[in-house]
2 protein chains.
Amino acid sequence: MGAELSTMLRALADPSRRAQLQRLSYGPATSGQLAELLTMSRPAGSQHLAVLIDAGLINSMQAGRQRRHEIRPEYLYLAESWLGGVLRQWESAPTLRLPDREPRVSERP
Amino acid sequence: MGAELSTMLRALADPSRRAQLQRLSYGPATSGQLAELLTMSRPAGSQHLAVLIDAGLINSMQAGRQRRHEIRPEYLYLAESWLGGVLRQWESAPTLRLPDREPRVSERP
DNA sequence: TCAATAGGTCAGTGACTACTTACGCGACAA
DNA sequence: TTGTCGCGTAAGTAGTCACTGACCTATTGA
């Protein structure tokens with residue numbers, strides 16, 4: 001249960017893959033179209049697609065000499081619900097808050 | 001805009017860090033409490049905390065010789081809304097779907 | 001049959017992760 | 001002051017990631 005979520009979130013943690021996924025939210029596309037989207041070599045685009053497929057986020061099928069991909073939303077719903085669970089719990093647990101701080105990265109200029 | 005989301009999702013992609021965050025959804029905790037949660041050395045727990053702080057997901061403050069942490073929900077809301085955006089778009093774009101397939105990982109036994 | 005197209009695979013590289021043990025440092029209690 | 005507690009940092013290591021260019025395999029259209 002945690003493993004899929006981890007694989008999935010790591011897949012989402014890359015902007016190229018998020019771009020591909022976002023493109024697919026509008027409808028199916030071929031490997032070529034999804035590779036064109038990125039500013040890198042075509043093999044790299046293909047490898048990103050493989051990561052998405054591996055994570056169960058998209059569904060792919062050969063169509064002639066093209067390969068068509070589409071979103072497979074199950075794990076996206078899973079992530080949405082994990083996030084929602086944490087946030088809803090946090091919202092429902094009003095405790096005293098610490099004074100606000102910047103993220104750690106900006107503390108070491 | 002994409003950078004924070006990437007850092008954040010990568011932080012969430014680790015089950016130890018998700019456990020810490022989930023614990024924090026019930027209220028603030030110290031570094032020690034959050035390290036005990038994990039099955040690894042205390043420094044490792046501390047390093048995971050540093051990643052969460054770096055990603056802006058938690059907010060920390062020295063209290064005597066302890067350090068207290070709490071959830072900082074802004075980026076969690078951001079992720080929830082990115083995911084929601086993709087899913088809502090996908091739901092509203094009814095196109096023909098490809099026949100269902102297993103994730104790629106199960107194709108290579 | 002041949003060339004072009006679409007796209008996947010391989011090997012190599014440099015950068016980053018996730019740990020470990022060892023150590024340092026400030027807060028507090030005796 | 002001295003020990004101990006809570007916690008962070010440093011250094012090292014094994015493994016993983018994101019690319020690249022070169023190569024290979026099918027499908028298709030001339």
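**Exercise 1. State the mean pLDDT of chain A, and find where pLDDT stays under 50.**

Solution. Next, pLDDT stays under 50 over residues 99-109 of chain A, for which the model has 10 contacts beyond four places in sequence, two residues being in contact if their C-beta atoms, placed from the backbone, lie within 7 Å. Where pLDDT is low, the predicted coordinates should not be read in detail.

Local features need pLDDT of at least 70, and side-chain atom pairs count only at pLDDT 80 or more, while totals for chains, interfaces and linings use all residues. Residues are numbered from 1 along each chain as its sequence is written, with chains lettered from A in the order in which they are written.

**Exercise 2. Determine which residues of helix H1 of chain A are buried, and what they pack against.**

Solution. Take H1(A), residues 2-12, as a DSSP run (H or I, at least four residues). A residue is buried if 20 or more other C-beta atoms lie within 10 Å of its own, and exposed if 12 or fewer. The buried ones are A:Met8, A:Leu9, A:Ala11 and A:Leu12. They cover an arc of only 155 degrees around the axis, which puts them on the same side of H1(A). On the other side, A:Gly2 and A:Ala3 are exposed. Finally, the buried residues pack against H2, H4 and H5 of chain A together with H1 of chain B.

**Exercise 3. Describe the side of chain A that touches chain B.**

Solution. Begin with the contacts: 43 residues of chain A are in contact with 43 residues of chain B. The largest share of the chain A side, 10 residues, comes from H5(A).

Note on methods:
Helices (H or I, at least four residues) and strands (E, at least two) are DSSP runs, numbered from the N terminus. The arc is that of the directions from the helix axis to the C-beta atoms. pLDDT is the predictor's confidence in each residue, from 0 to 100.
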